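This briefing is meant to be read beside the sequence and the structure.

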Number of protein chains: 2
Amino acid sequence: MNHQEGLTAYIAAFVAELVHAGVKDIVISPGSRSTPIALVMAEHPELNLHIHVDERSAAFFGLGIAKATKKPVAILCTSGTAAANYYPAIIEATISRVPLMVLTADRPHELRDVGAPQAIDQIHLYGHNVKWFVEMSPPEGKEEMIRYARTVCARAAATATRYPAGPVHLNFPLREPLIPNLYEEMFELPERTNGYVDIHDGKLSLSTETIKNLATMLNAEKHGVIICGPIEDAAFTETVVSFAKLLQFPILADPLSQLRSGLHEQELIIDAYDTFLRFEDSKEALKPNVVIRFGAMPVSKALTIFLKENRDVPQIVVDGGSGWRDPLTAATEMVYCDESFLCRDVSKYIEPREEQSSYLEKWISINKHTKMNLSSIRDIPKLSEGKLFHLLADLLPENATLFVGNSMPIRDLDSFFFANKKGIKVMGNRGANGIDGIVSTALGAATVSQPLYLVLGDLTFFHDLNGLLAAKLFKLNVTVLLINNNGGGIFSFLPQAEHPKHFEMLFGTPLELDFRHVIEMYGGSYEKVVDWDHFHHVFAKDLEAKGLRVLEISTDRDTNLSEHRDLWNSVSQEISKVIKSGKYEG
Amino acid sequence: MNHQEGLTAYIAAFVAELVHAGVKDIVISPGSRSTPIALVMAEHPELNLHIHVDERSAAFFGLGIAKATKKPVAILCTSGTAAANYYPAIIEATISRVPLMVLTADRPHELRDVGAPQAIDQIHLYGHNVKWFVEMSPPEGKEEMIRYARTVCARAAATATRYPAGPVHLNFPLREPLIPNLYEEMFELPERTNGYVDIHDGKLSLSTETIKNLATMLNAEKHGVIICGPIEDAAFTETVVSFAKLLQFPILADPLSQLRSGLHEQELIIDAYDTFLRFEDSKEALKPNVVIRFGAMPVSKALTIFLKENRDVPQIVVDGGSGWRDPLTAATEMVYCDESFLCRDVSKYIEPREEQSSYLEKWISINKHTKMNLSSIRDIPKLSEGKLFHLLADLLPENATLFVGNSMPIRDLDSFFFANKKGIKVMGNRGANGIDGIVSTALGAATVSQPLYLVLGDLTFFHDLNGLLAAKLFKLNVTVLLINNNGGGIFSFLPQAEHPKHFEMLFGTPLELDFRHVIEMYGGSYEKVVDWDHFHHVFAKDLEAKGLRVLEISTDRDTNLSEHRDLWNSVSQEISKVIKSGKYEG
């Protein structure tokens, strides 16, 4: 077997295993060194190839597909800084637990650290930020090496997928000539049962003793709350709702918990806590004596502070992925168990309770009053960031996906997007909470989740403008609601806003960009919303449209700050009245 | 001293030392965690702050300033993936030896690896790709810690600058509240002589014995060549020219050697080798018996192959920075010595030679004939990539800076941009040869080097479109010559071009973008060149213009390939005739 035959057999075996392991989507950035892998992938009939020139956007695009499909996605690039551009998305994948297979082509050993062109040190390029790194063997066609390539691939896909999911990095040293000998049968694995390994992954489950102990703890307490942070697990939604019902505990549902929208029972869902937990009297009235928390840390800062202030009560943190999701050092029980298993198994030992304890009634009533009062945001005549999110629950079509940017949008979503039956899937990049790569992640998701709405601010949109190329080249359908407050809106809410001297230069950072131009370059349609009537009109029209559509909503950072403050003040007064009256039925 | 006073004193001491160490330019990307450093920097009267939202572009922008000033530049960002976006520029800085001080804000220890927002693992975030990593102490105002902050800063700046220069990474854990107490005297260092250290760096120089031995080697050989790859050292230009004259060796001058343009003597400069070293008879006629090489590996593949084919002769590689710049395993002597010192010191022991040996005459004559024949590219009536570079030597104003993109542009520059007296400084990112960050690096250079011309292809331009924001916000002056061949032109020259099945999808990658839109968004002027007359007209007009100007030259990838091939064939025949005739005077 000559060099090219060996190269082809090795790469083809790897690619065949990739498909066998459930990988369907590959995001490829063009390059020379990766040629054999790209060409072999292009020959496989079951792979979807997405070609994306900017590797930073490409990696986020892959992340978006993986988030939407919950299947590992492979990203492939050539040697050099191309691979370094993947870094932000890889870190996001690690923290938000998304399966990603990072395949980088590299110079072979003899061309490393000797000044060869486009050669960087790719060994452990991503440091601790990947679950597994493998420096692949140089391709060879010997049976042992074919088995090796297949096994590493299967293992890498399983490692990426195994909970907590995350990225793995395989680095391929490739020698010239880089052209494989493509032939029809190259993906056939004749000795298949003998030649690869299927991997079966378990989930964490607790001993009966631990389950009983947890049940005993919960049976002893009536003032309990369940907190669901960002989590993506269809089975969990139903089990946690049943669990809460049995316990008669409210569920504080983060916008990314997938509990705010859907056909599940919503009686116990608390969705306005981000507002009312800002108020001292609410926090006092609602002091829990036990907390059970699922998922990542919730978005709400008010809730975070509430948890911190209640570090005197037992706080049970459940994590099927063995992280340590407790920046508050508030956990008293760190429970490593599949979240659905926990709800199901502990439920067996929960003693029946009377319905609607007065504690639960308080939560439901204060939540209801808060929402009623927050709804006054609908009366704001000017374009308003908060109002936009409030309207979205009404306006979005059923089963839409709502991808939300970081900084202000996710916080406004948390404050103003309330529970509904529409089955709206809410997505975001809440691993590292970056403003980078949001456009591409959303577009990746849009390849499988339709219709998809992306709501984000102007700095976030700017950061990943290059991502829009995918919308053009792949003819994707997406509606972008671009909130343009000409700079970094969130900083107006932070202490530096009180120091005006360098504020606009360092934090406000107005870009003064008319995005219409760039949207037109990418073949999108653009509409600048002038008022709410216009917004309703263009939003309705947009429901029928295809392609990339951007509706820009211009707001003002100072007005936005005062709108939020005024609203919180007025809701605070209303809620105080309710609490003082002691009448919680609403 | 309370938290804020300690924070301020510590950061102010660091920033004061930064200025003392020669840092003038800071590129800041907005964020919350980095607030105290950004605010203190903004107060310093001697710092230029450049605010750049996209950290990837920001880091390349800083790289560009550092390349142009040869002084360390600091880049500052907040915690999270912001810092990961710096990675490509950091790797480029490492390999191309540019001093960069990477300052990242981080969550304090208690908020790490516990699910806190915007917290990633920033310890050794850039792995082996920085010269030095320091996890800074949490800020404190005690005298010991002030001395620590000042010493680390001085040491970091010296480490970044010390040859081979490169990036250092300082990670700052910062606790809330993040607002410093700014006051006028905060940068004063009362116990200055007692409180910091000035760092004095030496350069490598050889023992007299080694120098004599090298001179003996060179005295024994008459068929020698000097090769100057990318190198930036003003002192070197003069010394190497004298050295070559003494030895009567030709200097094969890479376009980034800074030897192709300037007031130095150019008699021995060989600038067309990339063409004639493609031909077997030239290579045979010019076989050397000793090679001395300075700088990074040259761009020319023809020259690289020539060096590889001559591994039977002594090849002396000189490097003042102790790398291992020999992907060919061709070096017989690896000499670690400042390049100028070597030329100066060895010269003392070189025996006088007769002028113009027949070997040297061959180089000069073949070079002259090649250039004469290549000049026929001027007759191509259509817009042509090679012709553009040939014209540039005539058209560029004196002392202009020419920043050139990777892939085809740097290669065409090598082939067609010949020696001249104009003092044109040629810049490029030839560390990792990426197509990323070129716009930003050039714009960073444009803050100090004027007038600046950037020549690059459409994929490279696309990759860093975000970099154009700097041109708008900082009102920079730059002329972009955008060669748009709608995709990756270099791949047409590679073996995959012979496999048309997936070629356009995987390698050609046409983007079909009308860049006019995005240039207008960034307030630039755009001109689509229709023919050469038009080009000359707009280029001349452009000489008087300010701001961002883009002249787009559309070419066709297939035509470009055949133009190059036709030209090489015709030059090859002409050069063969010269060699066969044995008459080298030209």
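In α2(B), the buried residues are B:Thr35, B:Pro36, B:Ile37, B:Ala38, B:Leu39, B:Val40, B:Met41 and B:Ala42, where buried means under 20% relative accessible area, exposed over 50% and partly exposed in between, with a 1.4 Å probe and protein chains only. Because 8 of the 9 residues of this helix (residues 35-43 of chain B) are buried, α2 is largely enclosed by the rest of the structure. Helices (H or I, at least four residues) and strands (E, at least two) are DSSP runs, numbered from the N terminus.

This is a predicted model, in which local features need pLDDT of at least 70 and side-chain atom pairs count only at pLDDT 80 or more, while totals for chains, interfaces and linings use all residues. Residues are numbered from 1 along each chain as its sequence is written, chains are lettered from A and ligands numbered from 1 in the order in which they are written, and side-chain values use heavy atoms, with hydrogens and water left out.

**Two chains and their interface**

- Chain A can be laid on chain B by a turn of 180° and a shift of 0.0 Å along the axis, with an RMSD of 0.0 Å, the copies being superposed by least squares on the C-alpha atoms of residues with pLDDT of at least 70 in both.
- That is the relation of a two-fold axis, and the same surface serves both copies, with 100% of the contact residues of chain A recurring in chain B.
- In the interface, 81 residues of chain A are in contact with 81 residues of chain B, contact meaning heavy atoms within 4.5 Å.
- About 6,500 Å² is buried between chain A and chain B, and carbon and sulfur atoms give 64% of that area; buried area is the accessible area (1.4 Å probe) that two parts lose on being put together, summed over both.
- A:Phe462, A:Leu506 and A:Met521 supply 9% of the area that chain A buries against chain B, which is more than any other three residues.
- The interface of chain A and chain B holds 4 salt bridges, each defined as a side-chain nitrogen of Lys or Arg within 4 Å of a carboxyl oxygen of Asp or Glu.
- B:Lys501 and A:Glu43 meet through their side chains in a salt bridge at 2.7 Å, N to O.

**Aromatic rings**

- Over all chains there are 29 aromatic pairs; rings of Phe, Tyr and Trp (its six-membered ring) pair if their centres lie within 6.5 Å, and planes under 30 degrees apart count as stacked, over 60 as edge-to-face and the rest as tilted.
- A:Phe306 and A:Trp363 form an edge-to-face pair, 6.0 Å centre to centre with 80° between the planes; A:Phe306 lies in helix α12 and A:Trp363 in helix α14 of chain A, so the pair ties together parts that are 57 residues apart in sequence.
- A:Phe306 counts as buried at 0% relative accessibility, and A:Trp363 is buried with a relative accessible area of 0%.
- Ring pairs also link A:Tyr87, A:Tyr126, B:Tyr87 and B:Tyr126 into a cluster.

**A residue in strand β15**

- B:Tyr453 lies in strand β15 (residues 452-457) of chain B and is buried, with a relative accessible area of 2%.
- B:Tyr453 and B:Val480 are 27 residues apart in sequence and 5.9 Å apart in space, C-alpha to C-alpha.
- Leaving aside neighbours within four places in sequence, the residues in contact with B:Tyr453 include B:Leu396, B:Phe403, B:Phe539 and B:Asp542.
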